[in-house]
Amino acid sequence: MAGPPREYIQGCGHMRTVVIDSQGTFQLKRRPEPVAGPGAVVVRVRAAGLNAADLQQARGDYPAPPGWPADVPGLEVAGEVEQVGPGVVEVTPGDRVMALVGGGGHAERIAIPADLLLPVPEYLSWEEAAGFPEAFSTAWDALVTQAGIRAGDRVLVSGAAGGVGTAMVQVAAVSGAHIVASVRRPELHCRVRALTPDRQVDVVTPDEESAYAPYDVIVELVGGENCLRRVALLRSQGKVLVVGVQAGATAPLRMFDLMLARAQLIGTTIRGRSHAEKAILAATVRTSVTPLLAQARLRVPIDTVFPLDRFTDAYDRLAGPGKFGKVILVP
C-alpha cells in the first residue's frame, strides 16, 4: 500500500497553483508539475472542491499532514489520470477519477497515491465529481462507521445546507433514518427538503430543533458556544458527532445531560488520519457509496463554480453565508 507522496518529484513543466503565503493570503503561483512516484499517479485536475479546512489552513489552524504540500490548499479533486507510477496496476492513463487528498488540490495537476482513487461515474460532471469525495466520505464515515446509524433512527443535522450537510442528509436517508435538517436561512429549506424522497426530512430553523426531539444521532457541523446544548435533545444512548466547528471551536458541556442520556460524544476528522486509515476509508467509499452515486441515489448539489484565476472570489463565497452545496474551482 502506497503512502502519501513524501515529496513531489518535480517535472520539467510548470503549472498554476493556489499557494498560501506567509501572511495566510491566497496567491496564484507557478510551481513545477509533479511526476508519479511508486504507487502513485498524476491527475490532471478538471475540478476541485473547496472546504472549510482550506480557510482553516490559511489561518494556521489546520496544517496539511506530512507528505502533502504544506502551502497548497485543496482536499478533493476530480480529473483524468495522466501518469502512472511504478507498481500501479488498477488504473491507466485516461481514467476518470476523483479523490480525497491531504492537500494540493487547488492546482492544475496533483500526485495522488493510487489506493485513494475513486472512479467517476460516466454521467457525472467534473464539478459534481469534485464535490463528492470529502463530503460523502465524511458523511459515510461519521454516520455509518462511527455512529452505526440504523433504519428508523432520528437524526438531527445542523448546518444541513452546506456541502457536508447535504451529504449527511442523503447518507442518513439511504440508511433508512428520518432526518431533521437544521438550516438557518428559510429560503434554502425547499432545496434541502428536495434532497430526500418520501418525506424523510423535516427542515427547521435552529430554534425549532427541540420540537422534533429526541434524537438518536446529532450531527454538529457548525460549532459555536451553544452547540453542545443539543446533548439535552438526545434519546437514551444517543450520539453526538462533532464534525465541523466553523462558528467556534469551544463550547461548554452540561456533563449531567451527557450522563443522564448515557450518551456518546464523538469527535471526528479525516485529514489527520494515517494513510492506511484513509486507504481503508477510500475502499469503503469505493464499494459502498460510489455505487449509490452511479445509481443516482445520491447527488452532489453545486452552489457556485469559479475558474482557477478567480480563486479569491471562490474562497470569499466559501466563507460567506447562504450556500447550498459545494463551491468548486475549475483550472
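Is F136 buried or exposed, and at what relative accessibility? In this predicted model, F136 counts as buried, at 1% relative accessibility.

**View A. The aromatic pair of F26 and Y315.** The structure holds 2 aromatic pairs. In one of them, the rings of F26 and Y315 are stacked, with 3.8 Å from centre to centre and 15° between the planes. F26 belongs to strand β2 (residues 26-35) and Y315 to helix α9 (residues 311-319), so the pair ties together parts that are 289 residues apart in sequence. F26 has a relative accessibility of 14% and counts as buried, because the cut-off for this class is under 20%. Y315 is likewise buried, with a relative accessible area of 3%.

**View B. The aromatic pair of F132 and F136.** F132 and F136 form a stacked pair, for which the centre-to-centre distance is 5.0 Å and the angle between the planes is 15°. F132 is buried, with a relative accessible area of 0%.

**View C. Arginine residues over aromatic rings.** R96 is placed over the face of W126, at 4.5 Å from the ring centre. In a further arrangement of this kind, R271 lies over the face of Y62, and here the value from the ring centre is 5.2 Å.

**View D. Strand β11 and its paired strands.** Of the 6 residues of β11, 6 are buried, so the strand is largely enclosed by the rest of the structure. Strand β8 (residues 154-158) pairs with β11 in the parallel sense over 3 bridges. Within this pairing, V155 has V217 of β11 as its bridge partner. Strand β12 (residues 234-242) also runs parallel to β11, and 5 bridges join the two. V217 stands opposite K239 in β12.

View E. D216 lies in strand β11, which spans residues 215-220. At 18% relative accessibility, D216 counts as buried, because this value falls under the 20% cut-off. The side chains of D216 and R235 are joined by a polar contact of 3.0 Å. When neighbours within four places in sequence are left aside, D216 is in contact with G152, D153, R154, L234, R235, G238 and K239. One of these residues, K239, is also the residue of β12 opposite V217.

Note on methods:
Residues are numbered from 1 along each chain as its sequence is written. This is a predicted model: local features need pLDDT of at least 70, side-chain atom pairs count only at pLDDT 80 or more; totals for chains, interfaces and linings use all residues. Side-chain values use heavy atoms; hydrogens and water are left out. Helices (H or I, at least four residues) and strands (E, at least two) are DSSP runs, numbered from the N terminus. Buried means under 20% relative accessible area, exposed over 50%, partly exposed in between (1.4 Å probe, protein chains only). A polar contact is a pair of N or O atoms within 3.5 Å; within protein, one must be able to donate a hydrogen and the other to accept it, and residues adjacent in sequence count only if both atoms are side-chain atoms. Contact means heavy atoms within 4.5 Å. Rings of Phe, Tyr and Trp (its six-membered ring) pair if their centres lie within 6.5 Å; planes under 30 degrees apart count as stacked, over 60 as edge-to-face and the rest as tilted. A charge sits over a ring if NZ of Lys or CZ of Arg is within 6 Å of the ring centre and within 35 degrees of the ring normal. Two strands pair if DSSP finds at least two bridges between them.
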